[in-house]
Amino acid sequence: MYKEIIQPILNKCDSETFHDLARESLHLAELTPITLKLLEFFADKHSRFVDKRLNVNLGGLELENPLIVGAGWDKKGRAVLGLWHLGFASVEVGSVLEYGQPGNTKPRLFMVSSGVAINWLAFNSPGMDIVSKNLDKYQNSNIPIGISLGLNKDVDHADAPRAYGTVAQRMYDYAGYFAINVSSPNTPGLRKLQDKEHTVHIIKSVNEAMDICGGRKPLFVKIAPDLSYQAIDELLEVAIQNKVTGIIASNTTINPDLKGKYGARWKNSPGGLSGDDQDYRRITTEIIAHIYKQAGDKLDIIGVGGINNAESALEKIKAGAKALQLVTAIRGEGPAVAGKINRGIADYLDREGITSIKEIVGIDSKS
Ligand SMILES: Cc1cc2nc3c(=O)[nH]c(=O)nc-3n(C[C@H](O)[C@H](O)[C@H](O)COP(=O)(O)O)c2cc1C
């Protein structure tokens, strides 16, 4: 029903307007247990899927299944419970910034093809104080929340470690894990912070912030798919040396050849591409495989990039990802996507006689 009826209508709306509407509808559904139950049935015609074989552990954080809503879908932290009812085990809220900023002028989010997006939002965020207030209501929910740490555009790079640490400190009580986002393409110069000499100071600052607040929580660094393997390896070294839990691979791509497949106007447009593009999916899976081979015994990998069904989810798990994130497929496939993927993975485990998803992490990357 979603693809036949709802999506064609949505395709006529501005993508960001639709997105805001979807998030606020979930927020409204959180009003009562009945509306949440109705949401489950409306979205997926099933109750929320639970299967112990899908449990994963990320640096000590237990997730009911491998699916996390990736950063960017719920930047304000308004729909965590609604998303959980759609079948996700966790939501990475943000990216959260020290103070509010509007981002680029609209329009800035485009569905360039079914299931494929290009966005240049550029960290539109209400800021950490408002996000933390929004998250107060989930404090007793037991839903593991990831906090994506971002950076205001006018912060000097020399001041970036302090800024990331400040957000981590403010958001500490809400975080099941933290993700340092140095890979969004839409804040000029941000990706430069992926250089090891910058990253090391940011990681140290976030670790110090956690120590001040009461102890370390799982910490991830999110990377761009446009990095060279040499740059990735340097970053892995820094991550391991500084006791980072793992890597989130990857953010959106600025690759002009990939963007250009959707028309000349996109080739050199600003923004990053995400979603159901087979080259993007392949590149992000290859990066996961590379990280797994280099450091799979020392770093956990959260795989992200073009996941939209059980097959693409399994591809990333077998390449080395312990957990997965998706963003664009929530629009491309609709609200049933998490339930469908979890049921599809469980069916696969049935067929193969596998007792836990943990058994297949990295099996395609073992030499
Ligand atoms: C509209 C939109 C906004 C995003 N905002 C953020 C963000 O604030 N922080 C971040 O780390 N990643 C952000 N991302 C990147 C996603 O988290 C994810 O890495 C990327 O979209 C690839 O996953 P997908 O193919 O499942 O969409 C955003 C992506 C989209 C489409």
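**Entry 1: helix H14.** I began with helix H14 and found Val337, Ala338, Gly339, Ile341, Asn342, Arg343, Gly344, Ile345, Ala346, Tyr348 and Leu349 buried. Buried means under 20% relative accessible area, exposed over 50% and partly exposed in between, with a 1.4 Å probe and protein chains only. Helices (H or I, at least four residues) and strands (E, at least two) are DSSP runs, numbered from the N terminus.

The model is predicted: local features need pLDDT of at least 70, side-chain atom pairs count only at pLDDT 80 or more, and totals for chains, interfaces and linings use all residues. Residues are numbered from 1 along each chain as its sequence is written, and side-chain values use heavy atoms, with hydrogens and water left out.

I then looked up what covers the buried residues of H14; the cover includes helices H3 (33-44), H12 (310-319) and H13 (328-332), with strands S3 (67-69) and S13 (323-326). Contact here means heavy atoms within 4.5 Å.

I checked the length of H14, residues 337-352. Its 16 residues should span 22 Å at 1.5 Å a residue, and the end C-alpha atoms lie 23 Å apart, which agrees. The expected span is 1.5 Å times one less than the number of residues. Just after H14, I noted that Gly353 has a positive phi of about 65°.

**Entry 2: the whole chain.** I noted 14 helices and 13 strands. The radius of gyration is 19 Å, close to the 21 Å from the globule rule for 367 residues, so the chain is as compact as a globular protein of that length. This radius is taken over C-alpha atoms, and the rule is 2.2 Å times the number of residues to the power 0.38. Buried residues make up 59% of the 367. Of the contacts between residues at least 6 apart in sequence, 72% join residues at least 24 apart.

**Entry 3: cis peptide bonds.** I found a cis bond joining Gly94 and Ser95, with omega about 15°; Ser95 belongs to strand S4 (residues 90-96). A cis bond also joins Lys106 and Pro107, with omega about 0°. Pro107 sits in the loop between S4 and strand S5 (109-113).

Entry 4: Which loop holds Lys45? I located Lys45 between H3 and strand S1 (56-58). Its phi is near 55°, a positive value in a residue other than glycine, and at 69% relative accessibility Lys45 counts as exposed. Lys243, not a glycine, has a positive phi of about 60°. I placed Lys243 in the loop between helix H8 (229-241) and strand S10 (246-249); at 66% relative accessibility, Lys243 counts as exposed.
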